[in-house]
Amino acid sequence: MTKILLMGNPNVGKSALFSRLTGVKAIVSNYPGTTINFTKGYMKLGGETAEVIDAPGTYTLEPTSEAEEIALRLLDSGDIVINVVNAINLERNLYLTLQLLERGIPVVVALNLWDDTKHRGVDINLDKLRELLGVPVITTVAVTGEGVKELVENIHRATSPHHPPGTRDQRWANIGSIIEQVQHIRHRHHTWRERLADASVNSVSGGIIALAILAASFFVIRFIGEGLINYVLDPLFNTLWAPVILKLSQLMGGSGILHDIIIGKLIGGEIDFVQSFGLLTSGLFVPFGMVLPYIISFYFVLGILEDTGYLPRLAVLMDTIMHRLGLHGYAIIPNLLGLGCNVPAILATRILESKRERFIAATLISIAVPCAALQAMIFGLVGARGVGYVAIVYGTLFVVWIILGFILNRTVKGFSPELLIEIPPYRLPPWRTVLQKLWFRTYGFLAEAIPIILGAILVINVLYILGVFDAIANFTAPVVTGLLGLPKEAVTALVIGFLRKDVALGMLAPLALTSEQLVVGSVVLAMLFPCIATFVVMFRELGWLNILKAVGVMIVAALVTGGILNLIL
Amino acid sequence: MHGFRHRPGSRFKPEDNKITLAQLKNGQSGTVVEIQGGRRMVDRLNALSIIPGKKITKTSAMLMRGPVTIEVDRAEVAIGFGMASRVVVKPD
């Protein structure tokens, strides 16, 4: 089977072109690093099926990052390369093109973002460019699909003209002469997007813009999340599902081991979806009724932030602060992802260059960045006691994030390299890719979380019946009661936190805690252990020794913070 | 042969009208003259076409030794302050 490789710089619309070619849903993003696990798909090519690979964005075949190494390795297995080139930054993009031509692999160039050339004042003489490169050059607009058909028709015309291997200086000199012959730049005025772009990487206006964007994001996330809960999911569960479960409960006699596992305990003769804790009550209500709405709203907003190109600007803005935590500005992106789910967040720490940074970032995320599932439960349970208590939980976690990062920066050996990133221009987010990505992430949550949530609730009920939790509770009572001021039964929730944080927080609900105890419980639960899924990726990314260190830091930090909160609240 | 070599972190002293990217004013343009860094830094900058002879314009700088943003070939690139202090430019 013919293997076609898509190669090009980051942010040139490679992934958008990939989904146009294959129809396979790939994640398209405005910041480099997301396609580090390359995507594969298939397309029809002259009556045959060809394999299409979306290689990670790369500036050069002399790799300077892990993503570029992967791109280089993929190149060895390809038959034809579609070199996706940003028509706006022809000079820089041609560096990779020349390297590809030197390798003697058949190349066809897709000159993408062609629609942008007009208003950015870039004129390119296509015939001359084709002649000088010696390969087909097709103009495309991947987001709208313009030129894609012509590109497909030209794939078989990909050629490998004889370009002798050159040195770096020779390549740049070569590019200089090509540019002189094919490109003409007209003077033009700055657009509003460029003015906004400049303003958002300035300390003062950028800071104000960042605060406004983060506040608006938070508001929109809550608005959509609460809206879904109040107008869709609560009514569904209360008016449709509750009567069915009550009927089933009566059929099962209203009590007994099987009843307790499947339906849970009735609270005052009624179903309480949070407290009953059966498979068909809390087991469904926690993922669908409480967490899903916030997963949808969070990933919707995150997708927009990603595809407009705002996140790299936030990275620039946060760089000075992040340096104090032993990271550079780019590390804000995995941390933000962690507010959705810690698993992709820890995978995303791969975009950081050094082991030290990856360790610090992963440790900080797993301790002090609560995932959307946990946050949804915090909103639901702690929020019921008053907004002030929610603020204490968030404020505490933020302070822990800063202090812990500061300490890790001072104690972890190694160096942290400096920020160096391209800032893509602001773009209106393509709704197709925003919604596609939202669907993927939501589906990913459901597929991953529901079996674990149901499993966790099953295990909890069985362990309850066997009396295992009583034993653990008695054993850890000194710490839990003495240090944290929580009833000893709360330890079961802390243990279950290893399976699912959302379920675990739900277990605090029937304990009749004071608001202060609930705050302590939520914070300790957020910090103490990563959930099992996070633990597994941390192990894969960091190795045994480092994850042991991270867990040690976690336990100490959680107990110290919980103890302090218990003292001052 | 290896007698004259800037250690990483060594600050460039202005001479012959040359300053570092960190010292360039916002909105000011210049030409990259030299990159005083190790191979890795030169490689990373080369990938973003920040090489000697290249025209650049500084678009902004964050306060408190934050990153410097420049425009190079109609692309915007953010560079950490320390790295920007080792890129020597000749202002226009």
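This briefing describes how two chains meet and how two helices of chain A pack. The structure is a predicted model. In it, 28 residues of chain A are in contact with 26 residues of chain B. Within chain A, the axes of helix 11 and helix 18 come within 9 Å.

**Where chain A meets chain B**

- Several elements of chain A each supply at least two residues of the side that touches chain B: helix 3 (90-102), helix 7 (168-182), helix 12 (311-324) and strand 9 (420-423).
- By class, this side of chain A has 11 nonpolar, eight polar and nine charged residues.

**Strand pairing between the chains**

- Strand 9 of chain A pairs with strand 5 of chain B, residues 75-79, in the antiparallel sense over four bridges.
- A:E422 stands opposite B:V77, a residue in strand 5 of chain B.

**Helix packing within chain A**

- Two packed helices are described by the angle between their axes and the distance between the axes.
- Helix 11 (residues 282-308) and helix 18 (residues 431-466) of chain A have axes that cross at roughly 155°.
- Angles over 145 degrees count as roughly antiparallel, and therefore helix 11 of chain A is roughly antiparallel to helix 18 of chain A.
- The crossing of helix 11 of chain A with helix 18 of chain A is right-handed.
- Helix 11 of chain A contributes residues to this contact, among them A:V286, A:I295, A:Y299, A:F300 and A:D307.
- From helix 18 of chain A, the contributing residues include A:K437, A:L438, A:R441, A:F445 and A:I453.
- The residues of the contact between helix 11 and helix 18 of chain A divide into 15 nonpolar, five polar and three charged.

Definitions and conventions. Residues numbered from 1 in each chain as written. Chains lettered and ligands numbered in written order. Predicted model: local features only at pLDDT ≥ 70, side-chain atom pairs only at ≥ 80, totals over all residues. Contact = placed C-beta atoms within 7 Å. Nonpolar A, V, L, I, M, F, W, Y, C, P; charged D, E, K, R; others polar. Pairing = 2+ DSSP bridges. Axes fitted to C-alpha atoms, helices over the stretch in contact; angles between N-to-C directions. Parallel < 35°, antiparallel > 145°, perpendicular 65-115°, else oblique. Left-handed = near helix turned anticlockwise from the far one by under 90°.
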